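Dear colleague,

I am handing over the structure below, together with an account of what was found in it. Please read the account alongside the model.

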Amino acid sequence: MPKGHLEHANISVTDPERSAALLIDLLGWHERWKGDAMSGGRTIHVGTEDAYVALYTGPHVRGSFEKGNPLNHLGFLVDDLDAAEKVVVSHGLEPFGHDDYEPGRRFYFFDWDGIEFEVVSYE
């Protein structure tokens with residue numbers, strides 16, 4: 001059985017720099033990473049060494065997002081991505097979006113209520 005913990009939340013924002021500055025000032029967090037994201041967007045990760053919020057924007061972000069308002073997905077870091085995928089499948093859910101890009105290997109799935117989750121491994 002894999003072990004894991006909540007690693008990040010990814011939210012759509014219209015101005016990642018403005019949102020990052022607020023969270024850094026408000027919570028004493030720091031910028032962990034920033035760069036290009038999927039679909040022509042960009043992302044800034046702010047948080048602690050153990051967890052962060054990904055502040056995402058792209059051409060389709062206009063103050064709301066079709067997967068959630070404003071939640072995109074919840075991300076979980078695991079030590080064994082293949083074992084984690086087997087657990088998801090054993091619960092009758094369907095993994096998709098398998099990919100390997102910076103900063104790690106991952107897949108996604110929707111739960112029974114339509115909430116999207118990302119499962120990632122940096123190993």
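In which helix is Lys86 found? Lys86 belongs to helix H2. Please note that the model is predicted.

Helix H2

Lys86 is exposed, with a relative accessible area of 63%. Although Lys86 and Pro2 are 84 residues apart along the chain, their C-alpha atoms are separated by 9.7 Å. An α-helix has 3.6 residues a turn, so residues three or four places apart point the same way.

Nonpolar cores

The largest nonpolar core is made up of 9 residues, namely Val78, Leu81, Ala84, Val88, Leu93, Phe107, Phe109, Phe117 and Val119. Two or more residues of this core come from each of H2, E7 and E8. The greatest contribution is that of H2, with 3 residues. Ala84 touches Pro2, Val78, Phe107 and Val119 when residues up to four places away in sequence are not counted. There is also a second, separate core of 7 residues, which includes Ile44, Val46, Val53 and Leu55.

The largest pocket

What is the volume of the largest pocket? The value is about 560 Å³. Its lining consists of 31 residues, and Asn10, Met38, His73, Tyr101 and Tyr108 are those that lie nearest the centre. Two or more lining residues are given by each of strand E1 (4–12), strand E2 (30–36), strand E3 (42–47), strand E4 (52–57), strand E5 (71–78), strand E6 (96–101), strand E7 (104–110) and strand E8 (116–121). Among these elements, E6 gives the most, with 4 residues. By class, this lining divides into 14 nonpolar, 9 polar and 8 charged residues.

Leaving aside neighbours within four places in sequence, Asn10 is in contact with Ala54, Tyr56, Leu71, Asn72 and His73.

The second largest pocket

The second largest pocket has a volume of about 230 Å³. It is lined by 14 residues, of which Ala84, Val87, Val88, Phe109 and Val119 lie nearest its centre. The elements that give two or more residues to this lining are E1, E5 and helix H2 (81–90). Which classes of residue make up the lining of the second largest pocket? The lining has 11 nonpolar and 3 polar residues, and no charged residues.

Loops

Pro95 is found in the loop between H2 and E6. Is Pro95 buried or exposed? Pro95 is buried, at a relative accessible area of 14%, a value that falls under the 20% cut-off for burial. When neighbours within four places in sequence are left aside, the contacts of Pro95 are Glu85, Val88, Val89, Phe107, Tyr108 and Phe109. The C-alpha atoms of Pro95 and Tyr108 are separated by 5.5 Å, with the two residues 13 residues apart along the chain.

Pro103 lies in the loop between E6 and E7. The peptide bond that leads from Glu102 to Pro103 is cis, with omega near 10°.

His60 has its place in the loop between E4 and E5. With 32% relative accessibility, His60 counts as partly exposed. The C-alpha atoms of His60 and Ser39 are separated by 8.9 Å, and these residues are 21 residues apart along the chain.

With kind regards

Conventions
Residues are numbered from 1 along each chain as its sequence is written. This is a predicted model: local features need pLDDT of at least 70, side-chain atom pairs count only at pLDDT 80 or more; totals for chains, interfaces and linings use all residues. Side-chain values use heavy atoms; hydrogens and water are left out. On a 1 Å grid over the protein atoms alone, a cavity is a set of points where a 1.4 Å probe fits but cannot get out, and a pocket is an open set with protein on both sides within 12 Å along at least five of seven lines; lining residues have an atom within 4 Å of a point. Grid points are joined across faces, edges and corners, and a volume is the space filled by probe spheres set on the points. Ala, Val, Leu, Ile, Met, Phe, Trp, Tyr, Cys and Pro count as nonpolar, Asp, Glu, Lys and Arg as charged, and the others, Gly among them, as polar. A nonpolar core is a set of buried Ala, Val, Leu, Ile, Met, Phe, Trp, Tyr and Cys residues joined through side-chain atoms within 4.5 Å. Buried means under 20% relative accessible area, exposed over 50%, partly exposed in between (1.4 Å probe, protein chains only). Contact means heavy atoms within 4.5 Å.
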